[in-house]
Amino acid sequence: MKPRIIKINPEQPEEEEIRTVAQALLDGGLAIIPTETVYGIAADMRNKETIDRLYEVKQRSRNKPFSLIIDYKERVEEFSSGLSRLVYKLIDRFWPGPLTLILPKTDGSTIGLRMPDNNIAQRVIAAVGFALVCPSANLSGKPPPVDFDEAIKDLGDKVEVAIDAGKARLGIESSIVDLTQTPYRILRQGALSAEEISQVANKKTVLFVCTGNSCRSVMAKAYLEKRLRQEKRSDIEVLSAGILGIPNLGVSPQTQQVLEKEGISAEKHRSLKINNLMIKKSDLILVMERMHEERISELVPEAKNRVFLLKEFARMEGSSLDIEDPIGQPLEFHERTFSIIKEAIERVIKII
């Protein structure tokens, strides 16, 4: 069998060619496709006959299951549930990228998942509409192919279609981390080192939340980061976001003034709207008002026990535990707001 060879521009993949590959997969065929690590041989995960054929083509033992590739991070929850914060930390940092995660399935078995950092691979998955089986495009026991010529050499007469996109950017297989046990276990050290993985895995994440992510949460993040530097601590990741934030806005002028007096520049800050992944990866979530706490609980109910009002950590007088929004208020109001935030963070830093 002679495959249809399709040359695709890695930077600007042609949609018509992507659809051709996707249709071949939907029709039960096999396709050689590029990823950023090595070339893979893709198949419809739902088609048992195709998967059986893939085992034969690769001359692979049946007791070695295939991993899947997906096109967006949240799709991980289609295959595994009750995921730990560690899973979300690794996904947030390394996906898309050269990291395969072994995760538990609800039926007691396990599954390997990866989101490749490759335009062509991601668009093929999206065009098919579901995850794909995609082991490296080599015979078992042989080196994985890092360019098209290597991929087509042994398997070219065994697939329906093959994409030629030149050389794989990294040219080394993904690292594999088993998260079905505690502590996690690195099954294969590939493109990512054990040190890179452990740096992310061993960090705590603190998330500050306000309404627009232009004043209160920015102050809190900036001050905690300053204190962590003073304490020479690198074990904490600090994030901030808004529940109604318009993405990519800078800080308010008054916030900038307040922080400058503290020796902090917030010129590079750009607002973020909170998302589920931020919440799920965070070990401690500190909010400014009750409504922020309620919104987070609506988005991710299981995070409720990790959400606290920041003012709970301050020794300020007054019955309300809300830190009021200073937007539209004079500089003096912003300064009072910052003093509350600073006092709270001085206590927070002692417990994280």
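This is a tutorial dialogue about reading a predicted model of one protein chain.

Me: Where do I start? How many helices and strands does the protein chain have?
Reply: Start with the overall count, and keep in mind that the model is predicted. The protein chain has 11 helices and 14 strands. Its C-alpha atoms fill a box of roughly 80 × 40 × 35 Å along the principal axes. Of the 352 residues, 53% are buried. Take the contacts between residues at least 6 apart in sequence: 66% of them join residues at least 24 apart.

Me: Now the sheets. What is the strand order in the open sheet of 10 strands?
Reply: The general idea comes first: strands of a sheet pair through backbone hydrogen bonds, and they do so either parallel or antiparallel. Here the order is 1-8-2-3-7-4-6-5-9-10, and the pairing is mixed. At the edges sit strand 1 (4-7) and strand 10 (185-188), each pairing on one side only.

Me: Can you zoom in on one pairing? How do strand 4 and strand 7 run, parallel or antiparallel?
Reply: Strand 4 and strand 7 (residues 132-133) run antiparallel, joined by two bridges. To find the spot on screen, pick leucine 68, whose bridge partner in strand 7 is valine 133.

Me: And which strands does helix 1 lie across?
Reply: Helix 1 (residues 15-26) lies across strand 1, strand 2 (31-33), strand 3 (40-44), strand 7 and strand 8 (161-164). Relative to strand 1, helix 1 runs at about 145 degrees.

Me: What about strand 11: in which sense does it pair with strand 12, parallel or antiparallel?
Reply: That pairing is parallel, over seven bridges, with strand 12 covering residues 236-242. A handy landmark is cysteine 210, bridged to glycine 242 in strand 12. Strand 11 (residues 204-210) is also mostly covered, with six of its seven residues buried.

Me: On to charges. How many salt bridges does a search of the whole structure find?
Reply: The general idea is that side chains of opposite charge can pair when their charged atoms come close. The search of the whole structure gives 30 salt bridges.

Me: Let's take a single pair. Where do arginine 114 and glutamate 36 sit in the chain?
Reply: Arginine 114 and glutamate 36 form a salt bridge, with the closest N and O atoms 2.8 Å apart. Arginine 114 is in strand 6 (residues 110-114), while glutamate 36 is in the loop between strand 2 and strand 3, 78 residues apart.

Me: Why does arginine 114 count as buried?
Reply: Buried means under 20% relative accessible area. Arginine 114 counts as buried because its relative accessible area is 6%. Glutamate 36 is at 1%, so glutamate 36 is buried too.

Me: What about arginine 169: is it buried or exposed?
Reply: At 55% relative accessibility, arginine 169 counts as exposed. Arginine 169 has a salt bridge to aspartate 117, with the closest N and O atoms 3.1 Å apart.

Me: Last stop, aromatics. How many aromatic pairs are found?
Reply: Four, from a search of the whole structure. Among them is tyrosine 55 with phenylalanine 66, a tilted pair at 4.3 Å centre to centre with 35 degrees between the planes. Tyrosine 55 is in helix 2 (residues 48-58), and phenylalanine 66 is in the loop between helix 2 and strand 4. Both tyrosine 55 and phenylalanine 66 are buried.

Me: Which residue lies over the face of phenylalanine 130?
Reply: Arginine 46 does, at 3.6 Å from the ring centre. Phenylalanine 130 is also touched by arginine 75, whose other contacts include Ile70 and Ile125. Arginine 75 is found in the loop between strand 4 (68-69) and helix 3 (85-94), and arginine 75 is buried at 9% relative accessible area.

Notes: Residues are numbered from 1 along each chain as its sequence is written. This is a predicted model: local features need pLDDT of at least 70, side-chain atom pairs count only at pLDDT 80 or more; totals for chains, interfaces and linings use all residues. Side-chain values use heavy atoms; hydrogens and water are left out. Helices (H or I, at least four residues) and strands (E, at least two) are DSSP runs, numbered from the N terminus. Buried means under 20% relative accessible area, exposed over 50%, partly exposed in between (1.4 Å probe, protein chains only). Contact means heavy atoms within 4.5 Å. Two strands pair if DSSP finds at least two bridges between them. Axes are lines fitted to C-alpha atoms, for helices over the stretch in contact, and angles run from 0 to 180 degrees between N-to-C directions. Rings of Phe, Tyr and Trp (its six-membered ring) pair if their centres lie within 6.5 Å; planes under 30 degrees apart count as stacked, over 60 as edge-to-face and the rest as tilted. A charge sits over a ring if NZ of Lys or CZ of Arg is within 6 Å of the ring centre and within 35 degrees of the ring normal. A salt bridge is a side-chain nitrogen of Lys or Arg within 4 Å of a carboxyl oxygen of Asp or Glu. Lists of a residue's contacts leave out its neighbours within four places in sequence.
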